[in-house]
Amino acid sequence: MTSQSLSGILVALITPFTDGGHAVDEARLQSHIEHMITAGVHGLVPGGTTGEFTAMTLSERKHLLELCIKHARNRVPVVAGIGALSTKDCLDLATHAAHAGAAAVMVVPPFYDPVVIDQLRELLSEISSASKLPIMYYNIPSASGISLSPIELASLCE
């Protein structure tokens, strides 16, 4: 994918499942993506909290991203939600996002065992090295257990 602007309204997508709840429903997902793009959003963000990522396996999350990229058809950028409890899983999802054609990754800090800012910087550095993609930081202190000041947030890009 060529570089796309990450500005405007980037919508956190829901993840529609089949009626039995055993798989992502591709037809419903495509319909949802078409509706969002027609409504004028500037980007799609699958795999975040709204998309139920904590209830999905890594393979389901990868498949979801691939479907979103396929159905976005380069009309808007797709930012892959890669939040996970382990660095290994974050790196796996980040590398997959890069290979699948995501425009960027969205990272929420590990959300069960809170990290300190130095650990967060190290995680973001590893993700950046592995994926070579821009990183969008998902600042949600109530879930991640880490509350950053504006200066600390700005320092994450170093």
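**View 1. S86, in the loop that leads from strand 3 to helix 3.** S86 sits in the loop between strand 3 (79–81) and helix 3; helices (H or I, at least four residues) and strands (E, at least two) are DSSP runs, numbered from the N terminus. With a relative accessible area of 27%, S86 is partly exposed. On that scale, buried means under 20% relative accessible area, exposed means over 50%, and partly exposed is in between (1.4 Å probe, protein chains only). Look across to F111 as well: S86 and F111 are 25 residues apart in sequence, and their C-alpha atoms are 9.8 Å apart in space.

**A word about the model before the next views.** This is a predicted model, in which local features need pLDDT of at least 70 and side-chain atom pairs count only at pLDDT 80 or more, while totals for chains, interfaces and linings use all residues. Residues are numbered from 1 along each chain as its sequence is written, and side-chain values use heavy atoms, with hydrogens and water left out.

**View 2. The whole protein, for orientation.** How many helices and strands are there in the protein? There are six helices and five strands, and along the sequence they follow the pattern β-α-β-α-β-α-β-α-β-α-α. The radius of gyration is 15 Å, close to the 15 Å that the globule rule gives for 158 residues, so the protein is as compact as a globular protein of that length. Here the radius of gyration is taken over C-alpha atoms, and the globule rule is 2.2 Å times the number of residues to the power 0.38. Taken along the principal axes, the C-alpha atoms fill a box of roughly 40 × 35 × 25 Å. Of the 158 residues, 44% count as buried.

View 3. The protein averages a pLDDT of 93, and 98% of the residues score at least 70; pLDDT is the predictor's confidence in each residue, from 0 to 100. Where in the protein is confidence lowest, and where is it highest? The lowest mean, 86, belongs to helix 5 (residues 141–144), and the highest, 98, to helix 1 (residues 26–38).

**View 4. H96, a buried histidine in helix 3.** H96 is found in helix 3 (residues 87–100). Is H96 buried or exposed? It is buried, with a relative accessible area of 16%. Leaving aside residues up to four places away in sequence, H96 touches K62, L65 and E66, where contact means heavy atoms within 4.5 Å. Across the protein, 72% of the contacts between residues at least 6 apart in sequence join residues at least 24 apart.

**View 5. H32, in helix 1.** Now for another histidine: H32 is found in helix 1. At 18% relative accessibility, H32 counts as buried. Which residues does H32 touch, not counting residues up to four places away in sequence? They are L13 and I14.

View 6. T18 lies in the loop between strand 1 (10–12) and helix 1. T18 is partly exposed, at a relative accessible area of 28%. Not counting residues up to four places away in sequence, T18 touches A23, V24, D25 and R28. T38 is another matter: T18 and T38 are 20 residues apart in sequence and 24 Å apart in space, C-alpha to C-alpha.

View 7. E52 has a positive phi of about 65° although it is not a glycine. You'll find E52 in the loop between strand 2 (43–45) and helix 2 (58–72), and at 42% relative accessibility E52 counts as partly exposed. K132 also isn't a glycine, and its phi is positive too, near 60°. K132 is in the loop between helix 4 (117–131) and strand 5 (135–137). Is K132 buried or exposed? K132 is exposed, with a relative accessible area of 66%.

**View 8. S142, out in the open on helix 5.** S142 is found in helix 5, and S142 is exposed, with a relative accessible area of 75%. Between S142 and G83 there are 15 Å in space, C-alpha to C-alpha, and the two are 59 residues apart in sequence.
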